[in-house]
Amino acid sequence: MSLTTPRHPTETTNQAATTNQAPTLTETPTETATRRPAPAQGAGPGLLLALLATVVWSGSFVATRDLADSVPPVQAVFWRWVIALVAVAPFAARPFWRQRAAIRRHLGFTVLAALFGVTLYNTLVHQAGLTTSATNMGMIMAASPVIMAGFARLAGERLGARRLLGLTVAVLGVLLLVGKGSLAIDLGPGDLWMFAAALSFASYSALLKRRPPRIDGLAFLFATFLLGALMLAPAYAASLAVQGGFPATPGTVGPLLYLGVLSSAVAFLAWNRAVSLIGPARAGVVYHLQPVCVALLSYPLLGERPGLAGGACMALILGGVALSSTR
């Protein structure tokens, strides 16, 4: 991973004409636009990166549910982002420092992205984990691609009949899965918290397409992690004063490391890159795989059984994703 200073766009364009090299994670979006690969070239890596983020995030719901009885939600989220900052610092601190002037110029946008993608989203997820199952959390979060697609359509992106059909099939599978084979869905408090989390994450994904042109991926990631942790600090202090701390045991530190390193640093970097390659609507389609992944993980780890009806609903979700991902 290169951490060198980005070159001038003209120089980058000239070099791209001779090397046809794919853009790196440290390039600015302006440079990437001058040598962006054709859709057929960028679609494969973009879909794979979205899948990587989705699979890792699926494990995070299991880890979140596992922490629910031992770590207060705000404290878990705060330490998650502190760990994430430490994990990305060796790669992202220098780009962040070099581009600090651009980040200051676009501070309002960066704060908004941090609020939706770091502070609110993860706090809502951990709050939901107190009163709902990991399987339900993953299934309800699969509703966020519908919101992503709606945002993309409002922004002028054409979704296409096949993608809309696949999206409809996948959503039907999610609704049937949540309703245990029926469309008459009875939602508890934790489920409602998860719907709020889905809205927050979809808003974050929509914002990614408008990332300021002079802030590269690593600098932006570090800035949102830092700002998100700072916004959580007052709530963390209040939680410590009221609820006290939590014991540092393998049962608490292990899930927090997974959440901080894999689910935050690795998955967010992969997702941000996927959205830049294929857009939030197509990345959101891959995100529909999350309830399937969560169900497969929560059965051996938490003993949550999906059942035959759950398997049929998962087949609908997989079919919808496959239909929406093809051209």
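Of the 327 residues in this protein, 50% count as buried. Please keep in mind that we are looking at a predicted model. As for the surface, the protein exposes about 14,100 Å², and carbon and sulfur atoms supply 68% of that area.

Let us turn to the secondary structure. It comprises 14 helices and zero strands.

How do the contacts span the sequence? Among contacts between residues at least 6 apart in sequence, 87% join residues at least 24 apart.

Our pair consists of helix H10, residues 189–208, and helix H12, residues 250–287. Their axes come within 9 Å and cross at roughly 110 degrees. Because angles of 65 to 115 degrees count as roughly perpendicular, H10 is roughly perpendicular to H12. The crossing of the two helices is left-handed.

Which residues make this contact? H10 contributes Phe201, Tyr204, Ser205 and Leu208. From H12 come Phe268, Trp271, Asn272, Val275, Pro280 and Tyr287. Sorted by class, the contact of H10 with H12 has eight nonpolar residues, two polar residues and no charged residues.

To summarise, the model is predicted, its secondary structure comes to 14 helices and zero strands, and H10 and H12 meet in a left-handed crossing with eight nonpolar residues in their contact.

Methods. Residues are numbered from 1 along each chain as its sequence is written. This is a predicted model: local features need pLDDT of at least 70, side-chain atom pairs count only at pLDDT 80 or more; totals for chains, interfaces and linings use all residues. Side-chain values use heavy atoms; hydrogens and water are left out. Axes are lines fitted to C-alpha atoms, for helices over the stretch in contact, and angles run from 0 to 180 degrees between N-to-C directions. Helices (H or I, at least four residues) and strands (E, at least two) are DSSP runs, numbered from the N terminus. Angles under 35 degrees count as roughly parallel, over 145 as roughly antiparallel, 65 to 115 as roughly perpendicular and the rest as oblique. A crossing is left-handed if the near helix is turned anticlockwise from the far one by less than a right angle, and right-handed if clockwise. Contact means heavy atoms within 4.5 Å. Ala, Val, Leu, Ile, Met, Phe, Trp, Tyr, Cys and Pro count as nonpolar, Asp, Glu, Lys and Arg as charged, and the others, Gly among them, as polar. Buried means under 20% relative accessible area, exposed over 50%, partly exposed in between (1.4 Å probe, protein chains only). Accessible areas come from the Shrake-Rupley method with a 1.4 Å probe; for residues, only the protein chains shown count as cover.
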